[in-house]
Amino acid sequence: MEIASDETTRICNHCDRAIPSSNIDLHYAHCSRNLEKCNVCGDMVPIRHAKEHFLNTHAPVACSLCSATMERGNLDIHKGESCPQRIVNCEFCEFPLPAIDLAEHQEVCGNRTEMCYQCNRYIRLRERYNHASRCTGIAENNVESSRDVGAPEREQGAPRRQPPEYSWKRLIFTIAVTGIAVLFGSLFFQKKAEAIQVH
């Protein structure tokens, strides 16, 4: 049976919801017997699950990475988005490091240079994407880097330097070794921090 759309409602004194007037007594009896308002977030939760709701959502816990204390319900978001000790990768070299150290690392890393093998100029890593979209492939003698000493030789017909060949196996091995080193380092510092807390 549908409730008429113009039926008046009353506010339940227990859960503060608007309930059709004809159902208010039955609703209140059920609501006050089975539901409880959480003191922290104000949600109505079943009385039998109130303790579980508090422990799973509001109980204070410490982040295992930075030791900051927060509600358990916020821990995953903290670890994934805002923990200063979460591991992130440098956008220039993809080296994994704690987020708190990223800006300083990228300031140095982004200023490293690599040669553009189309125009033979040294380009800062932070500028390589913009450079790639503008690069004509022609050496610009008037703005050549002082490090590019091969331009006069090329004009005399000297062979152009070829980019070094990189082995994928070597690259994967380097990434794996770096990852293992970071993992062991973080475990070492975590054990050290736990030992300090014990004393």
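Here are legends for a handful of close-up views of this predicted model.

Local features are described at pLDDT of at least 70, side-chain atom pairs count only at pLDDT 80 or more, and totals for chains, interfaces and linings use all residues. Residues are numbered from 1 along each chain as its sequence is written, and side-chain values use heavy atoms, with hydrogens and water left out.

**View 1. The whole chain, for orientation.** The protein chain has seven helices and ten strands (DSSP runs numbered from the N terminus: H or I of at least four residues for helices, E of at least two for strands). Of its 199 residues, 22% are buried (buried is under 20% relative accessible area, exposed is over 50%, partly exposed is in between, with a 1.4 Å probe and protein chains only). Its accessible surface is about 15,300 Å², and carbon and sulfur atoms own 54% of that (Shrake-Rupley method, 1.4 Å probe, with only the protein chains shown counting as cover for residues). Take the contacts with a separation of 6 or more: 15% of them join residues 24 or more positions apart (contact means heavy atoms within 4.5 Å).

**View 2. The largest nonpolar core.** Eight residues make up this core: V88, C90, F92, L97, A99, L102, C109 and L125 (a core is a set of buried Ala, Val, Leu, Ile, Met, Phe, Trp, Tyr and Cys residues joined through side-chain atoms within 4.5 Å). Leaving out residues up to four places away in sequence, L125 touches F92, C109, G110, R112 and E114.

View 3. Q106 sits in helix α4, residues 102-109, and is buried at a relative accessible area of 15%.

**View 4. Cysteines without a disulfide.** The structure has zero disulfides (the cut-off is a pair of cysteine sulfur atoms within 2.5 Å). For C66, the closest cysteine sulfur is in C83 at 3.7 Å, too far for a bond. C90 has its closest cysteine sulfur in C93, also 3.7 Å away and too far for a bond. C66 is partly exposed at 25% relative accessible area, whereas C90 is buried at 2%.

**View 5. A nonpolar patch on the surface.** I180, L183, F184 and L187 form this patch, with about 400 Å² of accessible area together (patch residues have over 30% relative accessible area and no salt bridge; nonpolar side chains, namely Val, Leu, Ile, Met, Phe, Trp and Tyr, are joined within 5 Å, and like charges within 9 Å). A salt bridge here is a side-chain nitrogen of Lys or Arg within 4 Å of a carboxyl oxygen of Asp or Glu. L187 belongs to helix α7, residues 168-198, and is partly exposed at 40%.
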